[in-house]
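Welcome! Here is a short briefing to read alongside the structure, covering a helix and some salt bridges.

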Amino acid sequence: MAERSAEPLPACFAGLGAGSPRPRQKRGGMFCSVEDAFDNKTLDFPSLGGGGGGRSRGSATPSDGSSSPAPPPPRSPGAATAGGMSDGCRQSEQLLIKGGKIVNDDQSFYADIYVEDGLIKQIGENLAVPSGVRTVDAYGQLVVPGGIDVHTRLQMAVMGMASADDFYQGTRAALAGGTTMIMDHVLPEAGTSLLAAYEQWRQRADSRACCDYALHIDIPRWHESLREELEALVKDKGVNSFLVFMAYKDRLQCTDAQMYEIFCIIRDLGAIAQVHAENGDIIEEEQKRLLDIGITGPEGHVLSHPEEVEAEAVYRAITIAKQANCPLYVTKIMSKSAADVVAQAKRKGTVVYGEPITASLGADGSHYWSKNWAKAAAFVTSPPLSPDPTTPERLSSLLSCGDLQVAGSAHCTFTTAQKAVGKDNFTLIPEGTNGIEERMAIIWEKCVVSGKMDENDFVAVTSTNAAKIFNCYPRKGRIAVGSDADLVLWNPRATKVISAKTHNLNVEYNIFEGTECHGAPAVVISQGKVVLEDGNLFVTEGSGRFVPRKTFPDFVYKRIKARNRLAEVHGVPRGLYDGPVHDVVLSTKAVPTIAASRIAACAGKVPAVPVRNLHQSGFSLSGSQADDHVARRTAQKIMAPPGGRSNITSLS
């Protein structure tokens with residue numbers, strides 16, 4: 001008997017079960033449960049009248065099941081195509097991502113994703129979607145939330161020079177590496193207010209950025225109107241994070257007292273305090289000493305920034321923040337000892353977060369002694385990369401186990417000519433390294449490929465934790481209905497070698513040169529549009545949106561609020577001591593003075609009523625006493641009290 005040729009099934013039947021990459025398994029026995037038997041299925045009713053055959057698996061064709069696809073739109077000059085689709089389809093705002101494994105920080109599952117108007121509209125299998133939707137084949141790949149780089153410095157001016165990568169070039173490179181949102185630092189120039197600097201950065205980013213962005217504000221100096229500026233930024237500008245410096249003496253460095261005041265203000269506003277932690281006083285003295293003995297090259301930078309000055313400053317910052325009951329975010333964890341300080345404080349319950357960066361996870365400081373001055377200078381950043389070659393391994397371990405929570409890039413690049421400003425004096429070398437494009441691949445290579453973390457932890461440290469800490473979750477950092485359609489199709493089997501010849505940056509050196517990474521983004525979707533496919537970028541200058549952030553993120557402030565309730569202190573009720581007091585003479589320098597600004601800075605504390613210091617002498621050359629206006633009572637003399645003699649004459 002001749003075999004009948006299989007006739008093509010209608011699309012409504014051919015599509016059943018095609019949404020799941022796992023084949024439905026047959027079970028033994030008619031009463032055995034069948035996996036997925038009771039899952040919702042969707043029939044493609046419009047295709048019933050078309051008579052067309054079902055779409056083959058993984059093809060990049062419209063999902064309406066029609067046999068003759070419409071002609072593609074005109075292709076722009078130089079635009080490459082993939083899967084038979086033109087660049088015009090990449091700009092479609094209706095996408096069906098089919099067959100991938102969705103990975104969030106807490107779970108992984110197989111499902112399809114329908115994207116429309118820049119948002120995730122549906123998640124499931126066999127989704128009912130409009131006809132003509134662009135289908136993105138995700139079989140065999142991980143679909144993860146777009147990365148969030150919490151630390152960049154694009155278009156920042158140093159000694160009158162702008163960094164090599166501006167908002168266009170920097171965000172373009174970010175998208176190439178799978179990052180769909182950045183958080184850039186605003187550093188006001190001398191004489192510029194925080195609000196004016198914020199407006200400058202917004203103007204630069206709005207016209208140049210290719211992906212969504214938010215802003216941190218750096219506080220370069222303390223002044224009396226600081227509280228009003230911070231309040232305006234929080235309430236009107238959508239900023240909820242501020243950074244203070246413990247280094248760069250006489251330029252940006254804050255004193256401990258100023259840090260305490262600022263932390264109190266930040267706590268009251270419900271924002272996040274960030275800190276660049278290094279002991280600026282020791283660094284300045286070491287720089288002078290090294291220059292005096294003739295060390296002028298890049299090695300002088302790391303020698304003048306020993307690991308201990310970072311660890312000491314981190315410990316001091318955590319101590320000050322704990323006393324102010326303010327959440328603390330430590331940027332640029334570069335050494336093992338600094339990371340250990342954060343980890344120990346975290347384990348004790350302190351609300352502190354640590355941020356290693358791409359450079360500290362993927363490189364070390366041995367290159368500072370390179371014979372090639374330009375190569376050595378390319379690694380100059382503060383805090384410096386640790387010369388200890390075991391540091392990246394240690395930091396990746398702490399990041400994998402949760403003692404460090406977020407990985408940024410601190411991307412701030414300068415060309416060799418710009419770095420050469422400090423060719424005769426290492427203190428003049430502009431500081432900064434690359435990492436915005438390499439961040440996600442380096443973390444995958446160092447943490448996931450090595451077996452230290454799984455795919456869910458990878459999502460947590462590259463996007464979700466940042467979104468929770470800085471209060472843009474679940475709009476960012478999660479794949480869920482209603483979230484922004486910032487997605488990355490991650491290919492864990494791809495192999496890429498990092499090189500300055502192929503990176504998307506404006507600098508001659510890449511500090512990760514020659515590093516082989518097993519895992520890379522295959523497709524990147526930003527704001528619901530495909531911006532990277534088959535290695536080709538399709539970005540639009542100025543398309544990036546500013547993402548405002550609200551204060552008091554629950555992920556951070558639930559513990560702060562609880563501790564604030566428990567932190568109330570009460571004095572011990574006791575009688576007035578009116579016994580003998582030893583006479584001493586105090587100089588005016590020995591009497592502490594309290595500035596009015598410091599009292600006003602901590603609004604949550606009730607100022608104590610001033611009372612006489614009974615430990616100070618009441619003697620006066622005029623014969624009058626400080627408490628002459630207080631009524632005196634009759635003295636009582638007890639000759640032999642029960643239980644022995646005592647200097648306390650009154651217990652009431």
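Buried means under 20% relative accessible area, exposed means over 50%, and partly exposed lies in between (1.4 Å probe, protein chains only). This is a predicted model, where local features need pLDDT of at least 70, side-chain atom pairs count only at pLDDT 80 or more, and totals for chains, interfaces and linings use all residues. Residues are numbered from 1 along each chain as its sequence is written, and side-chain values use heavy atoms, leaving out hydrogens and water.

**A salt-bridge network**

- The structure holds 30 salt bridges, each a side-chain nitrogen of Lys or Arg within 4 Å of a carboxyl oxygen of Asp or Glu.
- D212 and R545 form one of them, at 2.8 Å from N to O.
- That pair links distant parts of the chain, 333 residues apart: D212 is in strand β12 (residues 212–219), and R545 is in the loop between β20 (536–537) and α17 (554–566); strands are DSSP runs of E with at least two residues, helices runs of H or I with at least four, numbered from the N terminus.
- D212 is buried, at 0% relative accessibility, whereas R545 is partly exposed at 32%.
- R545 also forms a salt bridge with D484, with the closest N and O atoms 3.5 Å apart.
- Shared partners join D212, R475, K476, D484, D486 and R545 into one network.

**Helix α16**

- Helix α16 has 15 residues, 455–469.
- Of these 15 residues, 14 are buried, so α16 is largely enclosed by the rest of the structure.
- Just after α16, N471 has a positive phi of about 65°.

Terms used: The expected span of a helix is 1.5 Å times one less than its number of residues.
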